[in-house]
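This report is written for a reader who is meeting the structure below for the first time.

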Number of protein chains: 2
Amino acid sequence: MTYCVGLQLDRGLVFLSDTRTNAGVDNISTYRKMHTWEVPGERTMMLMTAGNLATTQAVVSLLDERNLHHSDRDPTILSSPTMFQAARLIGKTLKDVIAEQRDGGPNAGSTFNATMIFGGQIKGGPSRLYMIYPEGNFVEAQADTPFFQIGETKYGRPILVRAYDQDMEFAKAVKLLMVSFDSTIRANLSVSTPLDLQIYESDSLKLGLTRRIEDTDADWRAVSDGWSDALRNAFDSLPDVTLDN
Amino acid sequence: MTYCVGLQLDRGLVFLSDTRTNAGVDNISTYRKMHTWEVPGERTMMLMTAGNLATTQAVVSLLDERNLHHSDRDPTILSSPTMFQAARLIGKTLKDVIAEQRDGGPNAGSTFNATMIFGGQIKGGPSRLYMIYPEGNFVEAQADTPFFQIGETKYGRPILVRAYDQDMEFAKAVKLLMVSFDSTIRANLSVSTPLDLQIYESDSLKLGLTRRIEDTDADWRAVSDGWSDALRNAFDSLPDVTLDN
């Protein structure tokens with residue numbers, strides 16, 4: 001499986017993805033699911049992928065190839081005038097790749113679907129965050145729903161819903177994502193470290209902090225080891241239940 | 001959907017179930033999913049159900065009917081010599097009901113599956129806790145895996161895994177289940193109060209505290225309202241992450 005979260009803050013965007021890919025539980029690999037493009041001072045884009053690895057790699061390769069050999073007839077994400085147009089292009093590419101793999105030939109019996117989180121900023125517009133579906137359509141994050149999750153979303157959701165603040169600092173947002181990932185990794189074998197962190201500061205128009213978080217990372221260990229105790233203390237701090245009524 | 005948890009403690013068993021049944025999001029009802037049988041001083045049994053409501057109601061009705069009109073040829077859960085035999089009987093009943101509904105006739109296109117948590121004690125044996133599958137087979141809780149969840153299990157799992165202690169008191173166990181249910185109810189519209197609580201004290205051979213927990217229940221409100229703050233405090237208590245390396 002996979003777990004990726006993209007978070008929209010007042011000060012920018014934070015992306016965290018795991019790296020585990022699996023076909024069954026006896027065939028696991030490490031693949032990067034975080035992809036970035038930038039033209040410093042002009043545009044910065046980040047894409048995280050979940051789902052069929054052949055599909056997501058094909059989409060990213062097609063986007064890259066078009067960037068290298070583009071013509072006026074072939075739009076590219078590096079020439080899209082807005083983030084909305086870039087999201088449309090990614091959505092269409094995703095839909096086309098899935099359609100191509102589905103038609104004819106042998107069929108593994110599994111779906112070729114994939115889902116993506118796409119965010120960034122193009123000069124002249126605000127930073128934006130989208131969730132792109134296998135059907136090629138997409139939704140944008142707004143103040144009421146300021147983050148997107150893909151993959152194994154449920155275990156790590158309660159803490160996101162409760163501790164998110166749109167004016168939180170990047171360091172705190174990263175801590176929040178680490179807690180959310182820790183809950184997920186402990187519950188689902190198909191989500192695992194190392195994690196890829198990418199920060200984007202609004203209006204900087206260049207990639208912010210990029211970090212690979214290994215299982216031995218000091219911050220990760222502090223969060224992962226500390227969260228069990230913190231959660232137990234939180235639980236103990238709740239008033240006792242009375243059972244005699 | 002549904003959320004039910006059965007917890008095995010040193011001092012007995014604790015069961016908590018929600019009451020929401022839905023066919024789509026526009027057709028919701030309240031149904032009791034907690035069923036109990038007792039012969040005081042001789043046996044006490046509790047059953048929680050998730051899945052197709054027609055299936056689970058048929059299973060419970062068949063078990064009840066056999067209890068009323070039993071013959072030597074028809075085993076009943078009130079005449080089973082052990083909890084293991086009672087679990088086998090429930091599993092077989094469940095499998096038969098599903099098979100009957102699947103064969104012939106119109107088919108809604110949905111499955112008729114159901115999953116159950118069954119626990120209790122029969123004089124002469126220890127208290128036991130089982131998870132019964134639609135296939136009719138079942139597994140028993142042990143010290144390493146001292147609880148079972150059915151229905152929407154993911155949101156409420158992290159706190160169970162971390163705060164469970166096998167020697168915890170009933171009041172604390174109920175608080176733990178309330179936290180787990182609160183996380184689930186906030187995340188999934190198809191799980192909802194009122195909740196049904198049933199406690200069984202080992203070797204008492206009679207039903208312990210039975211309580212319907214409405215949304216206005218003072219203990220429930222204290223846990224539900226307090227957990228957001230407690231969780232935020234727990235999150236704040238974790239060491240900060242350093243972003244400059």
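## Polar contacts and salt bridges

Between chain A and chain B there are 19 residue pairs in polar contact, both residues being at pLDDT 80 or more; a polar contact is a pair of N or O atoms within 3.5 Å, where within protein one must be able to donate a hydrogen and the other to accept it, and residues adjacent in sequence count only if both atoms are side-chain atoms. On the side of chain A that touches chain B, helix 5 of chain A gives the most, with 13 residues, helices being DSSP runs (H or I, at least four residues) and strands likewise (E, at least two), numbered from the N terminus.

Across this interface the rule finds 10 salt bridges, each a side-chain nitrogen of Lys or Arg within 4 Å of a carboxyl oxygen of Asp or Glu. One of them joins B:D240 to A:K175, with the closest N and O atoms 3.5 Å apart.

## Aromatic rings

Over all chains the structure holds 10 aromatic pairs, in which rings of Phe, Tyr and Trp (its six-membered ring) have centres within 6.5 Å, planes under 30 degrees apart counting as stacked, over 60 as edge-to-face and the rest as tilted. B:F118 and B:Y130 are stacked, at 6.4 Å centre to centre and 20° between the planes, and B:F118 lies in strand 7 of chain B while B:Y130 lies in strand 8.

## Basis of the model

This is a predicted model, in which local features need pLDDT of at least 70 and side-chain atom pairs count only at pLDDT 80 or more, while totals for chains, interfaces and linings use all residues. Residues are numbered from 1 along each chain as its sequence is written, chains are lettered from A and ligands numbered from 1 in the order in which they are written, and side-chain values use heavy atoms, with hydrogens and water left out.
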